[in-house]
Amino acid sequence: MAKLSANMKSRTATAVREIYRPIIRGYFAVFAAYYLVLMPVNFMFYKGMDLVAIVATASLSILIALFGIWYLRKPAPLIRLEQLLAVLNVLVVANVVIALNIAFAPEKLTYFVIMVMLFALASVSTRQSVFSIFIATSGFLTYVPRLNSGDLVTYGFLVFGAVAASVSIAYYLRKAIIRIADAKLDAESELKEAQTVSESLRHKSLSDSLTGLPNRRAFFEALRKGISLISRARDQNNMESPVYNDSLWLILVDLDGFKAVNDVHGHLVGDLLLKEVAERLKAHCDGSAHVSRMGGDEFNIILSSPCDEPQIKAWCDRLLETLAKSYVIEGRYIRVSGSIGCKMMDLEQGARSQINEADYALMAAKKQGKNRCVVFSGAHARQAAERYQVEQALRFADLEQEIELLFQPQVNLRDNQIVRAEALARWTSPMVGEIEPSHFIKVAEESGLITDITLTVVGKAFSAMHEWADPVPIAINLSSHDVITDPIIDQIITMVEEFELNPSLIEFEVTETAMMADLDKATANLKRLTQKGFTIALDDFGTGYSNFSYLRRLPIEKLKVDRSFLENAGDPMTEKVLFSLAGMARTLGVQCLLEGIESEIDLLMAKRVGADAVQGFLFGKPMNAADLKAFLVDTSRPEPSANAIA
């Protein structure tokens with residue numbers, strides 16, 4: 001406590017000196033100017049040794065005053081201030097004494113009154129004030145013997161009053177200055193504290209609370225600064241700048257398999273994993289790049305470097321190797337990988353669009369099998385532009401008018417009868433024309449627009465069934481978003497009730513990959529549908545997980561084997577694979593439907609492997625509702641058509 005008190009007193013004393021410093025410099029300046037003005041006057045009134053004495057003392061006073069002005073341009077110790085003031089004040093008294101000795105006049109004693117006042121007001125300490133008043137008073141007392149009684153009383157009272165007033169003024173002035181110094185220190189302390197708090201809040205606002213990495217806001221600031229730095233160097237043609245030849249690379253990193261870690265081990269382990277990933281990212285960048293966490297398992301890196309594309313790809317590949325090494329989290333060995341999308345920033349192009357392009361490259365890396373780096377290219381640019389065009393058309397589409405519903409028959413191989421028709425959406429946009437179903441469905445799923453398409457298709461399919469006197473069982477596709485979203489399932493159930501349809505006539509098809517987005521939620525919603533009387537088919541079977549243990553959990557009644565297995569029907573392995581898939585369906589006690597039947601060879605293969613039903617151009621191309629009804633009337637037992645292949 002005593003140490004703290006001493007420190008506070010020391011700071012106050014320093015602050016007091018700083019407040020006094022401009023005052024004392026002004027004091028020195030006044031005397032320097034005063035004696036400089038008097039110098040030519042001295043030559044007019046004095047001669048001989050008197051002139052020498054008065055000019056020498058005045059000159060010395062000017063030099064000391066000028067030195068004081070120069071010396072006090074920066075903070076000085078208290079003792080030095082006191083010494084300078086004492087020397088100048090002695091010289092001032094000496095000037096007056098010399099002038100009075102040359103030509104004494106009682107009225108000139110008022111100089112001592114003025115000096116007492118000035119010395120008291122321009123004192124940096126009590127002892128310096130007492131000393132200065134003492135020498136001024138002593139100067140006056142040397143002339144007391146020359147005064148008559150009247151002048152002695154008059155000038156004695158003047159000097160005494162000046163001393164008393166000066167001491168009081170000096171005391172209260174110093175006290176006021178000390179209070180000002182304390183207030184100044186308090187204000188500075190509060191300002192410093194506020195700045196510290198502000199800096200802490202700023203750091204928190206720019207930092208990710210989990211990993212300590214810069215956050216999304218800090219990323220955009222760093223990206224803007226990086227672009228500005230390189231642009232300025234190039235605009236100024238400053239070839240000496242260390243960033244003149246640099247390229248600015250934007251690197252987006254996304255973990256593969258992180259959701260599974262959260263699901264299996266819990267979010268606490270997931271958080272610890274993210275911290276470890278952050279440390280590996282920082283270690284790999286080694287201060288040469290800006291690493292930030294954008295949220296979830298997404299990280300961004302800004303690298304300013306003269307690297308070309310092969311070099312940056314090699315750098316990213318080494319990073320992927322680092323990320324793919326095992327992690328030990330609370331005694332558990334965990335492995336995840338990463339996918340990377342890169343984009344060399346065009347300094348003339350908007351940052352937002354280029355971030356989207358890097359994200360497109362990241363998405364391409366995911367689709368190509370993950371654990372890889374993809375650098376955004378011209379081909380990606382064309383694909384992205386095309387995708388953007390389709391997405392924008394979808395956002396502004398009148399789906400009720402633009403979506404056409406076609407139906408493709410499914411045939412039971414046991415009796416060669418049409419048992420169901422799959423509802424297929426076809427979209428012709430006024431903005432971009434006719435779009436392949438696989439393309440616009442994919443874009444709709446990725447952009448979150450699939451719900452409107454699903455509900456439009458369901459509504460049109462239910463409307464067609466409602467109009468048919470003898471409704472045909474139909475199959476409708478549901479996306480991954482649909483099967484994990486309760487309100488969509490609720491709407492579908494409500495629509496069936498509104499159209500007064502028998503749910504048993506309606507089958508919903510879902511893919512394996514759609515189920516794996518959230519298996520528990522998807523399974524729960526599919527069970528809700530089956531409880532209402534709907535049936536469920538697993539579409540594109542064989543292309544995803546095909547895991548027997550999870551298949552047993554699903555309330556499915558049909559497996560639809562993907563058409564890709566028939567692409568090489570002449571390969572003996574094709575039949576073996578199809579036989580295995582059909583056998584899995586039999587083991588599960590569900591039907592097996594083989595898609596893509598376009599030739600007699602395909603049909604023969606389907607029968608040989610034990611498929612229960614087939615679907616494809618051999619039995620009918622997709623057709624509208626009216627054509628389907630006519631087709632059903634004309635074909636009670638449809639035979640494969642040689643002309644059915646488009």
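## The pairing of β6 and β7

In this predicted model, the bridge partner of C342 in strand β7 is V375. Strand β6 (residues 337–344) and β7 run parallel and are joined by three bridges. Strands are DSSP runs of E with at least two residues, helices are runs of H or I with at least four, and both are numbered from the N terminus. Two strands count as paired if DSSP finds at least two bridges between them.

## Helix α8

Helix α8 (residues 258–265) has F258, V261 and N262 buried. Seen down the axis of α8, its buried residues fall within an arc of 95°, so they line one face of the helix; the arc is that of the directions from the helix axis to the C-beta atoms. D263 and V264, on the other side of α8, are exposed. Buried stands for under 20% relative accessible area, exposed for over 50%, and partly exposed for values in between, with a 1.4 Å probe and protein chains only.

The cover over the buried residues of α8 includes β1 (247–256), α9 (267–285) and β5 (332–334). Just after α8, G266 takes a positive phi of about 100°.

## Helix α15

Of the 18 residues of α15, 13 are buried, so this helix is largely enclosed by the rest of the structure.

## The protein as a whole

The protein has 23 helices and 16 strands. Buried residues make up 45% of its 646 residues. Among contacts between residues at least 6 apart in sequence, 69% join residues at least 24 apart.

## Basis of the values

Residues are numbered from 1 along each chain as its sequence is written, and side-chain values use heavy atoms, leaving out hydrogens and water. As this is a predicted model, local features need pLDDT of at least 70 and side-chain atom pairs count only at pLDDT 80 or more, while totals for chains, interfaces and linings use all residues.

Note on methods:
Contact = heavy atoms within 4.5 Å.
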